[in-house]
Structure formats: structure tokens, C-alpha cells
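Q: Hey, I'm new to this one. Can you walk me through it?

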Amino acid sequence: MNIELLNLMADCRPKSCAEIQRKLNLSPSQLLDACHRLKTLGVNIEHQADNLCLIPILPLLDIEALRQALPSFPVFYQPILSSTNDFIEQQRTTLQKGALCLAEFQTAGRGRRGNQWLSPFGGPLLFSFYWTLEADERLEGLSLAIGLAIAETFGAQVKWPNDVLYQDAKMAGISLDVISNRNGRRELVIGVGINAKLPSELALERASASLYDIDPQTDRTQALIAVIPAIYREIERFAHAGINGAFQQRWQTRNAYAGQTVNLLKADTIESGQECGIDSQGHLLVTIDGQIQHFSAGEISLRQAKIHF
């Protein structure tokens, strides 16, 4: 990946091929090859006469509008980052609770269990934020609360433990890393990726959904202005109330697999049962052979059982 070319084009303004070649010391064939390689990663750089221009999937974020809407929290923005999580972790000693980092494209984004997560430039909402929890504030099950806040904001569904679906296709995911635990005070980096719009071929390849599927008039900046305060409010509520009866009912209302037959993948085995919600610890409840069993996120992967006619 040609990071220098990516950074140069990230403002999405046309630039002459000659200027790019001069600044990056590239031959015409090297420049063409670099553009082709970036395109395979979701960065669409188009020829416009003698110019090149990076074309985002949706307009760039309006960071000033976001800062005005979230005056209580510092908002950091860099169009290109290795990952927003890395930025927050590297800066954490200077950050206040709720500090937020956004990007248009990540070169080394990570999903659940450290899996690489690449998305097209300007297509998703990519953000991470810094949070702290005191000793008496709840951590276990927090990703459930964040997922629920996202699902309720956009009219989507949740999939245990930390995915958000729309029409059975993944629309958003959450990562949560505890980076420090001193005297009971936990420092967290929470990363969120929400598909705002995907090229049709990529959506089919990944079986993914996006905000654009819910509302073709989706504005990424306005979507962030809606969802970030909702997430912060839900975390504050959750830290003190946890997974009480009201939360379990809200979560079950949005549960994509409620009452359905599911497969539980464990190492080399697969078990099937009827999914029936979560318990007060955030564990998945599944009825297997007439008995309700409890599963933690580290034990299994959850899949919807395929129905054959």
C-alpha cells in the first residue's frame, strides 16, 4: 500500500498526475500501479483529464459540525490512520474520558478477535473513543450495551455478543480493549465500525448491510451526531445499572435471533439449540435438549442455523 499517495489524495481534491509523480518520485507506470493496488483495497482514485482524484463512497465527514454537536468531548480527525484504536491508545495519557477519534480509512483496522477489517474510503463510520470505569462500575457485557445503542439509533437489530445487523446482514461491529487496570480503575479503548454505504459487489461478497440500506439519504456526519451521544448515555446507564430486567427486555426486542434455531461453534464441535436471550451477566441463553444453557463470549461463536426446504 502506497501510504504517501493515499495521504496526498485524502482531501479528495483533483491533483495533476505530473505533480503527484514529482512529489512522490514515481514514474507514470508506478503511479498507475499504485492507484490500481489502492483500488483493490477500497480506495477509488479516478483519472479526470490530466488529473487524479480520490472519490469517496460518501462525502467526507464534516468535523466542525461534529465538534459543535459534541462540545463536551475532544474530537480528533485524521483521514488516514493505521487504526483509530491505535490513535486513542497512543494518546491516552493526554485524553479525557469520551475523547473521540475518527478516520475515513484505516490501513490496519481490527475487528473482533484481532481480525483485519478493511472498508472502502468514505464508506463506513470509523471511530474509537477513550473511556474509564471505576471499581464499582460494570464492565462485563458492555459491548452488548453499545450494540443496543447503535441498533436503537438506526432501527437495526443486535446479534450476540457485539454485532449489529440489518435484515440478517452485518452492519456494525464493536471492539473493546482494556488497556490499563490500576487499583480497580479500568482504561478502555472502544472501537466502532458502522457501514454507511458499501459498493454493491462488496456488500454481496461480505453479506453486509449499511445505513444506506435503511435510508438512502444517509448523511454520515448526522449519523455520528445521533449515535455517539446515544452510545455515551447507554454506557453511563450500563456502568451503574448493568444488565437488569429492563435492559434484557430492550435487548431481546432487538435480538435478531430471538427464538430461532442457532448453531454454537466451539473448537471442533457444533451444537444447536433455540436462542432465548441473555442473562444478567450478558451470557447467551440457549435451550439445548430442553435445558437452558449459558454461554460466555469467549466460549463460542454464534451462527444462525440454515433451514433446508
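Predicted model: local features only at pLDDT ≥ 70, side-chain atom pairs only at ≥ 80, totals over all residues.

Q: Okay, then which residues is Lys266 in contact with, leaving aside its neighbours within four places in sequence?
A: Those would be Glu271, Phe295, Glu299 and Ile300. Lys266 itself is found in strand E13, which covers residues 261–266.

Q: And how far is the C-alpha atom of Lys266 from that of Leu302?
A: The two C-alpha atoms are separated by 9.3 Å, while along the chain Lys266 and Leu302 are 36 residues apart.

Q: Why does Lys266 count as partly exposed?
A: Because its relative accessibility is 24%, and partly exposed is the range between under 20% for buried and over 50% for exposed.

Q: Got it. Switching to helices: at what angle do the axes of H6 and H10 cross?
A: At roughly 55°, and the axes come within 10 Å. Helix H6 is residues 142–154 and helix H10 is residues 245–253. With that angle, H6 is oblique to H10.

Q: Is that crossing left-handed or right-handed?
A: The crossing of H6 and H10 is left-handed.

Q: Which residues make the contact there?
A: From H6 you have Leu144, Ala145, Leu148 and Glu152. H10 brings in Phe247, Arg250 and Trp251.

Q: New topic: how many aromatic pairs does a search of the whole structure find?
A: Seven. One of them is formed by Trp131 and Tyr232.

Q: What does that pair look like?
A: A pair of aromatic rings is described by the distance of the centres and the angle of the planes. For Trp131 and Tyr232 that gives 5.0 Å centre to centre and 55° between the planes, so the pair is tilted.

Q: Where do Trp131 and Tyr232 sit in the chain?
A: Trp131 is in strand E8 (residues 124–133) and Tyr232 is in helix H9 (residues 220–241). They're 101 residues apart, so the pair links distant parts of the chain.

Q: Are Trp131 and Tyr232 buried or exposed?
A: Both Trp131 and Tyr232 are buried. Ring pairs also link them with Phe73 and Phe129 into a cluster.

Q: What about Thr221, where is that found?
A: Thr221 is in helix H9. Thr221 counts as buried because its relative accessibility is 7%.

Q: And what does Thr221 touch, not counting residues up to four places away in sequence?
A: Thr221 touches Leu61, Asp62, Ala65 and Leu66.

Q: Let's do the backbone. Is the peptide bond from Trp160 to Pro161 cis or trans?
A: The bond from Trp160 to Pro161 is cis, with omega near 0°. Pro161 lies in the loop between strand E9 (157–159) and strand E10 (163–166).

Q: What's the phi of Asn25?
A: Asn25 has a positive phi of about 55°, although it isn't a glycine. You'll find Asn25 in the loop between helix H2 (17–24) and helix H3 (28–40). At 68% relative accessibility, Asn25 counts as exposed.

Q: And the phi of Asp168?
A: Asp168 isn't a glycine either, and its phi is positive, at about 70°. Asp168 lies in the loop between E10 and strand E11 (169–182). With 47% relative accessibility, Asp168 counts as partly exposed.

Terms used: Residues numbered from 1 in each chain as written. Heavy atoms only, no water. Axes fitted to C-alpha atoms, helices over the stretch in contact; angles between N-to-C directions. Helix = DSSP H or I, 4+ residues; strand = E, 2+ residues; numbered from the N terminus. Parallel < 35°, antiparallel > 145°, perpendicular 65-115°, else oblique. Left-handed = near helix turned anticlockwise from the far one by under 90°. Contact = heavy atoms within 4.5 Å. Phe/Tyr/Trp six-rings, centres within 6.5 Å; stacked < 30°, edge-to-face > 60°. Buried < 20%, exposed > 50% of the residue type's maximum accessible area, 1.4 Å probe, protein only.
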